[in-house]
Amino acid sequence: MRMTLKKIGSQVIVITGATSGVGLLAARKAASRGAKLVLAARGEEALHQLAEQLRETGSEVITVPTDVGDLQAVKALAQAAIERFGGFDTWVNNAGVTIYGRYNEVPVEDQRKLFDTNYWGVVHGSLVAAAHLRERGGAIINMGSEASDVPLPLQSAYAASKHAIKGFTDSLRLELEQERAPVSVTLIKPAALDTPFASHAKNYLDVEPELAPPVYDPEMAAEAILFAAEHPRRDMFVGAASKAMSSAAYHMPGLYDRVMRRFLGRAQCTARPAGPRENNALFQATNDLVEREGRRHVVRTCPYTASTRHPVMTGAMVVGASLALAAALGMRRTRMR
């Protein structure tokens, strides 16, 4: 079914995890383009501060302190949007957190809490959004990860939650399509982003964790969210590294495992001793309104990410790369004869 989505300036957009990283950037960008916003996070103080900032620029904003792991709280978030604005057009499930540690060192109760936020938060938001949007049309945008498609040592619970989000999102999309509901369902799969992701993590390593390079500007992910709010897309990779890792894990899983076994564990560890374990966002809210961590080496532009907004161009790039690879392999076989 072909569907038409409104321009950002005519939309009411719900964003969870709106006070940090990609969610914060997306909220500010959407506000600057005229959207009415319903912002959710656990930290009431940060939400209030953000709303005041956006209202000073003329934006219409309401905030609803919400733990997305609580279905009733998510229902209350949707109801607040309906009462204030008469409904919503796009729902962005962005809230998320991670845990660093070896598989046998992370307590099960911590893993369950991670799933409450990462997986059940997406399920709760998607169910509530679908119930509203199947009648009026709109978009559900779920934040996955490159870890939706690949294994991730030292973050096994996080990778499992992102795999689960992909499975749920793809199945939800199919069922809505079967119903011929005018709802676009998009999964965003970013590579590592320069957000407070690692500093907000609960850490069971004996050193401070960090993101393995390459690390991309989170503005790319925020732009992908807003693009998907206007243009129906099945999924969108953010950062060429995300697409490359997904393709490598799918087409060459054995080689991928060997390479990652050797490098990816070390790449996520710094030489700095671990700080206090209680300094994390797994069970408690943060109130700092931080978009970026401020890493020194960050990829600011990515032609592949830009091309994903234009399917014909993306297809041409893929075909061209495939032909070049085939030609290179053909030349190699010729030289070997």
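**Close-ups of a predicted model**

**View 1. The outward side of helix α2.** On the face of α2 turned away from its buried side, you'll find the exposed residues E44 and E45. Keep in mind that this is a predicted model.

**View 2. The buried side of helix α2.** Now look at A46, L47, L50, A51 and L54, which are buried in α2.

**View 3. Helix α2 from end to end.** Here's a quick check you can follow: α2 runs over residues 44–55, which makes 12 residues, and at 1.5 Å a residue they should span 16 Å. The C-alpha atoms at the ends of α2 are 16 Å apart, so the two values agree.

**View 4. Where helices α3 and α4 cross.** The axes of α3 (residues 71–85) and α4 (residues 108–136) come within 9 Å and cross at roughly 35 degrees. The crossing of α3 past α4 is right-handed. From α3 come L71, V74, K75, A78 and I82, and they meet H124, G125, V128 and H132 of α4. Sorted by class, this contact has 5 nonpolar, 3 polar and 1 charged residues.

**View 5. Zooming in on H124.** This residue sits in helix α4. Is H124 buried or exposed? H124 has a relative accessible area of 9%, and buried means under 20%, so H124 counts as buried. Leaving out residues up to four places away in sequence, H124 touches V68, G69, D70, L71 and V74.

Terms used
Residues numbered from 1 in each chain as written. Predicted model: local features only at pLDDT ≥ 70, side-chain atom pairs only at ≥ 80, totals over all residues. Heavy atoms only, no water. Axes fitted to C-alpha atoms, helices over the stretch in contact; angles between N-to-C directions. Helix = DSSP H or I, 4+ residues; strand = E, 2+ residues; numbered from the N terminus. Left-handed = near helix turned anticlockwise from the far one by under 90°. Contact = heavy atoms within 4.5 Å. Nonpolar A, V, L, I, M, F, W, Y, C, P; charged D, E, K, R; others polar. Expected span 1.5 Å × (residues − 1). Buried < 20%, exposed > 50% of the residue type's maximum accessible area, 1.4 Å probe, protein only.
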